[in-house]
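Subject: Structure handover

Hello,

Here is the structure I promised to pass on to you. Please open it alongside this message, and then read on for what turned up in it.

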Amino acid sequence: MSEKATGTLSGYDTPECETLAEIVKRSLRTSDSIGIDRCIQCGACTASCPAARFTDYNPREIVKRVMENDCSVIGDETIWNCFYCYTCHLRCPRNNSPSQVVQVLRQLSINEGTGLDKIDMLFEYGIIFAEIGVSKLPPLFFEQMETDFDEHWLEFKENLDEVRSELGLGPIGIRDNGRGEIRAILEGTGFFERVGRLEQTATTETDSKQSFRRDGK
Amino acid sequence: MKTIEHIPDQGILLFKTCMVTNEYPGIESSSTYAFDRLGVDYFVSDEQSCCTGLGFYFDLFDQLSTTAIAARNFAIAKKKGYPNITAMCSTCYAINKKACSLLNGNEEVRTKINSIFRQAGLDDLVYEQNSLDEVDNFYHVVEIFLSKAKRIGALNTIDLSGVRVAAHHACHYYKIHYDDVIGNPENPQLIDTIARSCGADVVEWYEDRTLTCGAGFSQRHINRETSLKVTHAKLESLKNAGVDLVLHMCPNCQIQYDRYQPVIEKEFGTKYDLVHMHISQFVALALGANPDKVCGFRTHSVPLDDFLNRLK
């Protein structure tokens, strides 16, 4: 039997443990063999990291703070700069993976509420995916792309079905024999329950921020 | 360790990808065109869903849900008799491999997911341990093309002499499951070998060859400035190496280069004489596919007309 964790849905990615290093090791998001205890602080990760090259993010230091059980690392804004490119994961001579460590830290930050503003625009993504079985970017991202890209792109997006059919491709959505399989599976794992809870917290936080501003404090 | 002799050309489930479906559908039609021409036995399923990789790396999806969705797709592949799950996207490839590894190696996860299937009346989706192998059943289209590089070269219809080509091997193919990369993960040569077999002038080591495309999933949206700085650095190094064509193996990278190149030109006040395409589009083109009706180049943001005219 694996040592990886159980319980509620969050229990799989962020199991309740005594230390941050234990949470990282037992999280389903990380490799079973993750070498966080073997880290020798050589800095190969930071030397290879695109986020370290362009921002204040420092994977070597992030791992050090996890090893020292410094929980302030969960609220450190720089953890949101990682590209998930896994260059550190490839280069680490001790089979550690700062990229996976940061994934767990971000989940902890989301659970605590401090990281919610990084994903609150995504809540719709799961609902669309459950309906059509295909990932689509949520409206806020789409708006940014509309601003960035030219009319040619927008025209293509508007005629996507036609373009696909000219290429001999079928409809975008999947066929699931009328069983609503994707929705049923995500209900079974507790995905919607978790996202619903996060959404509620995000709304409450936004409300309290707004009333904070209204009070002029 | 995966070697080139391992690469199958039978029982291939061409795994559909959200960013191909929605952004570059020509990558899918190019893949099937090339597979038909090369005699690859494949199947495309209208039941198969996305891998959830986008949601997973946006930090929204959890590993259990992602694994359960993967198990459903694995059931479809097995039921149809096409168990060699082959991706056009590096993230689909990595997500599926990891899900298979968890389903085989973690009894608790397997039991949990199977009980979810049974409770929902989806008993036909139940995953049996080791019914797929995380190495032997998971591929990327570039590996299939690599195994047929000589044949592609022999059938090549375009004159690539003097065309400077560079590869961007996608991070999620060679940096996540680095033990299963064909060749050296510190210097993957898959795309280079295919391009060379078609007579292209391949630029091996441009300065930022191993740098990420800069998309970084949420980075493109929550840290847009940094994301574009990375892509700008990469484009500069390609420009300095005199590259004409960049070959990709991931639609997310292709969005980052093809869609954002004009944005970067505007915001950084520069100009690039570079075009982008996926390895499937390149192979299809080499095998004589129509650039519009098969390769779907009209959906690109950087026009390829001048480049294609040069090849004639």
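Below are my notes, going from chain A to the interface and then to chain B.

Please keep in mind that this is a predicted model.

Chain A

Let's begin with the overall make-up of this chain. Chain A has 217 residues, and 41% of them count as buried. If you take the contacts in chain A between residues at least 6 apart in sequence, 63% of them join residues at least 24 apart.

One residue in this chain is worth a look for its backbone. Asn69(A) is not a glycine, yet its phi is positive, at about 55°. For background, most residues other than glycine have a negative phi. You will find Asn69(A) in the loop that links α5 (59-67) and α6 (87-91) of chain A. Asn69(A) counts as partly exposed because it has 13 C-beta neighbours inside 10 Å.

Where the chains meet

How many residues of chain A are in contact with chain B? The count is 63 residues of chain A, in contact with 60 residues of chain B. On the chain A side, helix α12 (residues 181-189) gives the largest share, with 7 residues. Sorted by class, that side of chain A holds 33 nonpolar, 16 polar and 14 charged residues.

Chain B: the sheet

Chain B contains an open sheet of 4 strands in the order β6-β5-β7-β8, with parallel pairing. Its edge strands are β6 and β8 (275-278) of chain B, and each of these pairs on one side only.

Towards β8(B), β7(B) runs parallel and is joined by 4 bridges; here Val246(B) stands opposite His276(B). β7(B) also pairs with β5(B), again in the parallel sense, over 3 bridges. In that pairing, Ala166(B) is the residue opposite Val246(B).

Are the faces of β7(B) covered or uncovered? Both are covered: Leu245(B) and Leu247(B) are buried on one side, and Val246(B) and His248(B) are buried on the other. Helix α15(B) lies across β7 and β8 of chain B, and runs at about 90° to β8(B).

Helix α10 (residues 190-197) of chain B is mostly covered, with 7 of its 8 residues buried. Those buried residues are Leu190(B), Ile191(B), Asp192(B), Thr193(B), Ile194(B), Ala195(B) and Ser197(B). What do they pack against? Their partners in chain B are the helices α7 (141-147), α8 (149-155) and α15 (279-286), together with the strands β5 (164-167), β6 (201-202) and β7 (245-248). Just after α10(B) comes Gly199(B), which takes a positive phi of about 90°.

Finally, chain B has an asparagine to look at too. Asn130(B), which is not a glycine, has a positive phi of about 60°. Its place is in the loop between α6 (107-119) and β4 (138-140) of chain B. Asn130(B) is exposed, because 11 other C-beta atoms lie within 10 Å of its own.

Do write back with any questions.

Best wishes

Key
Residues are numbered from 1 along each chain as its sequence is written. Chains are lettered from A and ligands numbered from 1 in the order in which they are written. This is a predicted model: local features need pLDDT of at least 70, side-chain atom pairs count only at pLDDT 80 or more; totals for chains, interfaces and linings use all residues. Two residues are in contact if their C-beta atoms, placed from the backbone, lie within 7 Å. Helices (H or I, at least four residues) and strands (E, at least two) are DSSP runs, numbered from the N terminus. Ala, Val, Leu, Ile, Met, Phe, Trp, Tyr, Cys and Pro count as nonpolar, Asp, Glu, Lys and Arg as charged, and the others, Gly among them, as polar. A residue is buried if 20 or more other C-beta atoms lie within 10 Å of its own, exposed if 12 or fewer, and partly exposed in between; C-beta atoms are placed from the backbone. Two strands pair if DSSP finds at least two bridges between them. Axes are lines fitted to C-alpha atoms, for helices over the stretch in contact, and angles run from 0 to 180 degrees between N-to-C directions.
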